[in-house]
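Dear colleague,

Here is the structure you will be working with. Please look it over first; my notes follow below.

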Amino acid sequence: METIKNVLDKVHIDIGGENVASAPPKEPSANELQELKDKYTNAKQGQVFAFYDELSTSEKATLYQQLSSIDPEYINKITDKALNPPKTQDVGNEKPLEPLPDSATASILDSKAEDIESWYQKGLDLAAENKVGVVLMAGGQGTRLGSSAPKGCFNIGLPSEKSLFQIQAERIRKVQSLAHKKAGHTADKKVVIPWYVMTSGPTRGPTEKYFQENNYFGLEKENVMIFEQGVLPCISNDGKILLESKGKVAVAPDGNGGIYQALVTSNVMGDMRKRGIEHIHAYCVDNCLVKVADPVFIGFAASKDVDIATKVVRKRNATESVGLILLKNGRPDVVEYSEIDKETAEAKDPKQPEILKFRAGNIVNHYYSFRFLESIPEWAHKLPHHIARKKIPYVDTEKGTTIKPEKPNGIKLEQFVFDCFPLLELKQFACMEVKREDEFSPLKNAKGTGEDDQDTSKKDIMDQGKRWVQAAGAIIESKGNEDGIEVSPLISYGGEGLEKLKGQTVIGPALLEKELA
């Protein structure tokens, strides 16, 4: 196991993060420097030392430290594999794509109410036993939103002005409260759902500061662990490691699939093991409707005793550009929209001809058993890398000038979180279809785009609150064009607990923030 852990450390490069000592780096000895130069020269990557002699002592030390954390032969290997994927053993014997069978699926849209309630109760029981943990993928910045801050800090314009991080923290607090109440615990016995927040290099510091400034949004500091995903060097179109400056390699986060290595190298797994966590919910920060630590989802997956489960939403139409969860060569997998032909995309379900055969849209919302995550060291280093062709600013190693290219000049290597799905047999995997309007509203675009922007995120939360309040029997009146209602997660997690509103008139837009009298 230790040897495999060393392999993970090799592929999980952590520039300035947890794997780097806090003491200032020291300039290497002549022998140490030559040894590292030989390593890069033998890998035909010696250009990274082009400006070494021009650097200051501290710059030399920093570059040496960074280059020591990278295995150039390994980078060459994964780059070549990504650019020239090996032919699979199944070539010529591929089975047609198929939807997941009924035995592996459930849908909130048409499941029996008693089944959903049973999953909910089981999920609360597991939370009350402190067996549930949450992993948040929060490496993105709000660049496309017009903000340089981590995306989780973004205020989508709700009446409360809560950020995505605060909304999600309060949902965790509410599940803890609901589980505590159901279990009948005394006040001194706490229900704890630890929150593991994965950041990237640029978002780590600002995220930590934001959580500290906001007192962890009411969660206990010791139950929030902020860690960092790894990075990989950026590569030129001719396979060379690029320099961002004369004393620094250009790097990029290793994709959301880097979560697996990061869980091990950051010791999140060690913390989960110490706490006795058995069930993990993982999701992306940009979904304002995400049901964090969802008892129904946890209970569903646990009752089926699977290693991975995933939430999906029904595709709006055949042309929606969303990846699909399905069976590929008999194994669970995600197939991107661009990989599916028109005939397959438009195929209808023989049992329900009014809906698509392939409709399980991937929303990156997953359940993992702890036992599966414990096996990460056995397979994470084998997952494929994918290429993203990008415009990458770099230093010309011959002229010493910084170039800002106008067209893609290199590649960034990344892994996808679903790359491990095909490792599982079908019996180890399950899929739950949920209502889009209740559980999926991603924040991806600048304000005014009209799709997946802060206005749609705000509207989706306000519309959901309005539905909850109406279902509770309240009468809603509007002051103007808007009549949505923001219901604080601390009052209601999923529409429950609003019975006291029956017969009352609520003027929208409104904010329900305090406990109902």
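This is a predicted model: local features need pLDDT of at least 70, side-chain atom pairs count only at pLDDT 80 or more; totals for chains, interfaces and linings use all residues.

**Notes on the chain**

P509 sits in the loop that joins β22 (505-508) to β23 (510-512).

**Overall form**

The chain contains 15 helices and 23 strands. Its C-alpha trace spans about 80 × 55 × 45 Å along the principal axes. How does the radius of gyration of the chain compare with that of a compact globule? For 517 residues a compact globule would have a value near 24 Å, and the chain has 25 Å, so the two agree.

Of the 517 residues in the chain, 51% are buried. The accessible surface comes to about 24,200 Å², and carbon and sulfur atoms account for 48% of that area. Taking contacts between residues at least 6 apart in sequence, 75% of them join residues at least 24 apart.

As for charge, the chain carries 68 positive and 76 negative side chains. The centres of these two sets lie 1 Å apart.

**Two residues with positive phi**

N267 is not a glycine, yet its phi is positive, near 70°. N267 belongs to the loop between α8 (259-265) and α9 (268-275). Its relative accessible area is 46%, which means that N267 counts as partly exposed, the class between 20% and 50%.

A293 is likewise a residue other than glycine with a positive phi, in this case about 55°. It is found in the loop between β10 (279-284) and α10 (295-304). Is A293 buried or exposed? Its relative accessibility is 2%, so A293 is buried.

**D286 and its surroundings**

The loop between β10 and α10 also holds D286. D286 has a relative accessible area of 10% and is therefore buried, since the cut-off is 20%. Which residues does D286 touch, if its neighbours within four places in sequence are left aside? D286 is in contact with K151, L164, S441, P442, L443 and K444. A further residue to look at here is F154, which is 132 residues away from D286 along the chain. The C-alpha atoms of D286 and F154 are separated by 9.3 Å.

**Aromatic residues**

A search of the whole structure gives 15 aromatic pairs. One of them is formed by F416 and F418, with 5.4 Å from centre to centre and 45° between the planes. Why is this pair called tilted rather than stacked or edge-to-face? Stacked planes are under 30 degrees apart and edge-to-face planes over 60, so the 45° between F416 and F418 makes the pair tilted.

The two members of that pair fall into separate accessibility classes. F416 has 22% relative accessibility, so it counts as partly exposed. F418 has a relative accessible area of 11%, so it counts as buried.

Regards

How values were computed: Residues are numbered from 1 along each chain as its sequence is written. Side-chain values use heavy atoms; hydrogens and water are left out. Rings of Phe, Tyr and Trp (its six-membered ring) pair if their centres lie within 6.5 Å; planes under 30 degrees apart count as stacked, over 60 as edge-to-face and the rest as tilted. Buried means under 20% relative accessible area, exposed over 50%, partly exposed in between (1.4 Å probe, protein chains only). Helices (H or I, at least four residues) and strands (E, at least two) are DSSP runs, numbered from the N terminus. The radius of gyration is taken over C-alpha atoms; the globule rule is 2.2 Å times the number of residues to the power 0.38. Contact means heavy atoms within 4.5 Å. Accessible areas come from the Shrake-Rupley method with a 1.4 Å probe; for residues, only the protein chains shown count as cover. Lys and Arg count as positive and Asp and Glu as negative; His and the chain ends are not counted. The place of a charge is taken as NZ of Lys, CZ of Arg, CG of Asp or CD of Glu.
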